[in-house]
Amino acid sequence: DSALLYLILPLSVRTLSFTTWTYYLDVGFDITPLSRLSSIASYYDDGSCFVGVTYQYSMADDWQLSLIAQRFDGSAVSLFGQSASTLGYLQLKWSF
């Protein structure tokens with residue numbers, strides 16, 4: 001199976017994941033009243049896995065800075081294992 005075949009499926013509850021079973025864990029805590037650290041992990045029954053870490057800092061009223069790191073990986077025959085990657089983001093958000 002390829003990721004492209006999954007992306008062109010009609011959108012429904014049954015197509016939210018590319019595997020029958022997905023295991024998910026999300027843990028987060030406030031470091032200070034102005035900053036938060038969150039961690040996310042998903043495991044798919046084809047052997048793929050996803051791990052993400054997010055650090056959020058409230059800079060001022062309505063301004064937030066986020067640092068995000070994501071890792072997609074898995075066994076050699078899994079969807080994420082075929083093209084493993086690590087991504088990093090910096091997000092500046094203004095809410096109005």
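Colleague: What share of the 96 residues in the protein chain is buried?

Modeller: Buried residues come to 16% of the 96; buried means under 20% relative accessible area, exposed over 50%, and partly exposed lies in between (1.4 Å probe, protein chains only). Bear in mind that this is a predicted model, where local features need pLDDT of at least 70 and side-chain atom pairs count only at pLDDT 80 or more, while totals for chains, interfaces and linings use all residues. Numbering starts from 1 along each chain as its sequence is written, and side-chain values use heavy atoms, with hydrogens and water left out.

Colleague: Why is serine 66 called buried?

Modeller: Its relative accessible area is 3%, and the limit is under 20%, so serine 66 counts as buried.

Colleague: Which residues is serine 66 in contact with, leaving aside neighbours within four places in sequence?

Modeller: Tyr55, Gln56, Tyr89, Leu90 and Gln91, where contact means heavy atoms within 4.5 Å. Serine 66 itself lies in strand β4, residues 63–74; strands (E, at least two residues) and helices (H or I, at least four) are DSSP runs, numbered from the N terminus.

Colleague: How does the radius of gyration of the protein chain stand against a compact globule?

Modeller: The protein chain has 16 Å, whereas a compact globule of 96 residues would be near 12 Å. The radius is taken over C-alpha atoms, and the globule rule is 2.2 Å times the number of residues to the power 0.38. Those C-alpha atoms fill a box of roughly 45 × 25 × 20 Å along the principal axes.
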